[in-house]
Every structure is written in structure tokens, then in C-alpha cells.
Amino acid sequence: MTACVTLKPHTKGKGTIRRSEPQFDMGDVIYFCRKGVESIIDDEVTKSFSAQELESWNLLTRSIRRFPHRGLRLTLLWGLGVLIRYGILLPLRVILAVTGIFLFVILSTSVGFLPNSKLRFFLGEKVHLMGYRFCVKSLTAFITYHNSENRPKNGSICVANHTTPLDVIILANDRCYSLVGQVHRGLLGLIQRAMVKSSPHIWFERAEVKDRHLVAKRLCDHAADKTKQPILIFPEGTCVNNTSVMMFKKGSFEIGCTIFPVAIKYDFRFGDAYWNSSKFGLVHHLLRIMSSWALVCSVWYLPPMNREEGEDAVQFAKRVKAALAAQAGLADLTWDGGLKRTKVKDAFKEEQQRLYSEILLKVHQTQKQEKCFEDETPEGD
């Protein structure tokens, strides 16, 4: 507990003398106790990393346990849905996805051998669109794009809220982007190497990702080239369950180029698009989506935004995040998405300590002013 200085009246005879002495006042901590209880009852961070609650049963296996009173007819209907989803839709979707990935790797690698850079760029863009659209069809995705006149242009950065790795496919189905990410091995690494041969993507080695100056320089050089595709970045740095938008990292807002915000909102009634990476692997997540009824979402292209005079990167990021959240109807949260796996940073604790000290100083100042006022007031007869 924290001791604070409070002014208590001390009566001696007919006069009243005030003295300052350190005493603990329970009222000083009531505000923070209330905030702590509210945070436990309604934890915004934990809710942002949990699957959305369904108000009605959508006949999917993962939601059947919450609706035990189904009856015989609904149970038979659910069984028929299982046969359709796992016996017909899932095999067809897997075959379509494997075919699309195979064709993409072969064609993208072949385009990379072309000597003419303009022709290579043109064909590479077509091959990328073909691959992304194969993947969209394999997910049975129904996407509605709004305000296409604000679609990101070359030589810019596109930022979007992040729910699933499939966000890339959803956005790239409408136009090609340059992706930023870490170099992987295995099948994903093979796809990355094929992509970079026909399109200017930015892949970093594990050691390079920690070098902020190197990352910023490569992003800045790419964004300055008006012939290259816009860079697609998810500033939250982690997947959130599509009910809120967490804090945007300031790195992509320090470059100084035009930012094109894009808001993505999934309809979870047909399937849960959120990837809880601490609970499911990527393959498991993809199988869950492919065994759902469909992937339904809306995409809004917001007007381009630039950094205003006197505005730092953090303020710019907050302004972009607020506009994006308002458009998609998502909660605008100030918490860092890194809290999904790490403990609260010292900066957050220091902010609460600063707020507490301001309350104490304000109370102390008010009492001091009251004392001065009483001292200046003449006593009556």
C-alpha cells in the first residue's frame, strides 16, 4: 500500500489548527481497486483472443456443445451437415488448394527466368492473382469489396487489421501486394522463394528482423519506388478475433509515405476465421476453415492518410487505427497485442503509477488551497 500526505484538522481550545502528517487514506486506492475488479470481470485483452460467442447454433461441431437441447431433428440435420462438409466440401477444397499452389509454384518459378523485367513483372502479377484466386475458391470465400476507388496504389503502404493468415489471400484477391515477412523453411519456404522470383516481396532472415533500422530502410526503399506494388503490413503483429483492433506498432508509420488503411470484417456465423496460434497449428486452422460452411467477409478501402504536421508516428498510428475500427465496427483498444504471449510491459505499469501520483498531487493541492482560503478568511465575533 502507498502512504500519502493528507491534511487533518487538529482542534485545541477554540482555534482550529491544521497540520500536515503522513497518513494512509483508503479513498486514495478505491479508484484503482474498482478498475482492477472491472478488468477481471470484463477483460478486454482476453476477450480479444477468444473465439466469438454465437447467439444461435450454426450446425458446426465446435459450437454444438453450447447448445445441448437440440432435439432429434436438429441432430439429424447436423449429421447431414457433417457428411456434406467433411465428405464433399473438404476433399474438393483441398484438391483445389493443392492444384492452385502447385500451378503457382511452377508458373512463378518459370516467370522468374524471363530476362525482360517489365514482362516478368506483368506476368508475375497475373500468376500471383491466379494463385490467390485459386486459394479463395478453395475456401469458398464470399468477399464484398467496398470503396474500390480507394484501393492502394503503387509506392505506398497498406495497413489492415489482422484476424488470420488468410487475410493476405482475401486482400490479394482484389489486387497484388508486396508482402513482408520472415524467411521460412519447408513448403512455406518453397512458396516464398517462388513468389520472390516473379514479384518484389521483402523477406528477412531471423537475425535481420531484430534490426529495426535495416527493416525500416528496406521498407522505405520499396515504398519510394512508384513502379512497385504497395506493401501489405498488419501493424497489430498478431491475430485478433475480429471484435476489436489492438495497438498498431509505429514502425510502418515512421517511413513517411502515404498509408492506405483497409478494414476487414468476417461474418463468424458461417465459420470462425480467427487463428488462435497458441491453441491450433496453421494446418489445423486451415482445416477448420475448409470444413466450415464458407468464409464470408467484407473489405472496406479507406481514403489514403498522411502524417500531419507536428504529429509523431504513434499519434499517426492511433489515428489510422481509430478510422479503421470505426469503419468495420470494431472496438478500438489501446492494448499491445503482444500481451497474448508476454507479460505486461513496465511502461503500462509506470503509466498507472503516474496516474496514481497525479490523483494524489491533485488531492493534496486542493487541500492546500482550502487551507489557504480558510487562513485568509477573517474570523467572526
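Guide: Accessible areas here come from the Shrake-Rupley method with a 1.4 Å probe, and for residues only the protein chains shown count as cover. The model is predicted, so local features need pLDDT of at least 70 and side-chain atom pairs count only at pLDDT 80 or more, while totals for chains, interfaces and linings use all residues. Residues are numbered from 1 along each chain as its sequence is written, and side-chain values use heavy atoms, with hydrogens and water left out.

Visitor: OK, what does the accessible surface of the chain come to?
Guide: About 22300 Å², and carbon and sulfur atoms own 60% of that.

Visitor: And how many of the residues are buried?
Guide: Of the 381 residues in the chain, 38% are buried. Buried means under 20% relative accessible area, exposed means over 50%, and partly exposed is in between.

Visitor: Which residues have the most contacts inside the largest nonpolar core?
Guide: Ile170, Leu171, Tyr177, Leu179, Leu232 and Leu295, in a core of 38 residues. Such a core is a set of buried Ala, Val, Leu, Ile, Met, Phe, Trp, Tyr and Cys residues joined through side-chain atoms within 4.5 Å. Apart from it lies another core of 27 residues, including Ile233 and Cys257.

Visitor: What is leucine 179 in contact with?
Guide: Skipping neighbours within four places in sequence, leucine 179 is in contact with Tyr132, Val168, Met195, His201, Ile202, Trp203 and Leu232. Contact means heavy atoms within 4.5 Å.

Visitor: Switching to histidine 128: buried or exposed?
Guide: Histidine 128 counts as buried because its relative accessibility is 2%. Its place is in helix α4 (residues 117-138). Helices (H or I, at least four residues) and strands (E, at least two) are DSSP runs, numbered from the N terminus. Leaving out residues up to four places away in sequence, histidine 128 touches Phe104, Ser108, Cys176, Met195, Ser198, Ser199 and His201.

Visitor: Now strands. Which way do the residues of β4 point?
Guide: In β4 (residues 157-160), Ile157 and Val159 point one way and Cys158 and Ala160 the other, and all are buried.

Visitor: Which strand do 3 bridges join to β4?
Guide: Strand β7 (residues 231-233), running parallel to β4, with isoleucine 157 opposite isoleucine 231. β4 also pairs in the parallel sense with β9 (residues 259-266) over 4 bridges, where alanine 160 has valine 262 as its bridge partner. Strands pair if DSSP finds at least two bridges between them.

Visitor: Last one: where is isoleucine 84?
Guide: In helix α3 (residues 71-111). Isoleucine 84 counts as partly exposed because its relative accessibility is 31%.

Key
Buried means under 20% relative accessible area, exposed over 50%, partly exposed in between (1.4 Å probe, protein chains only).
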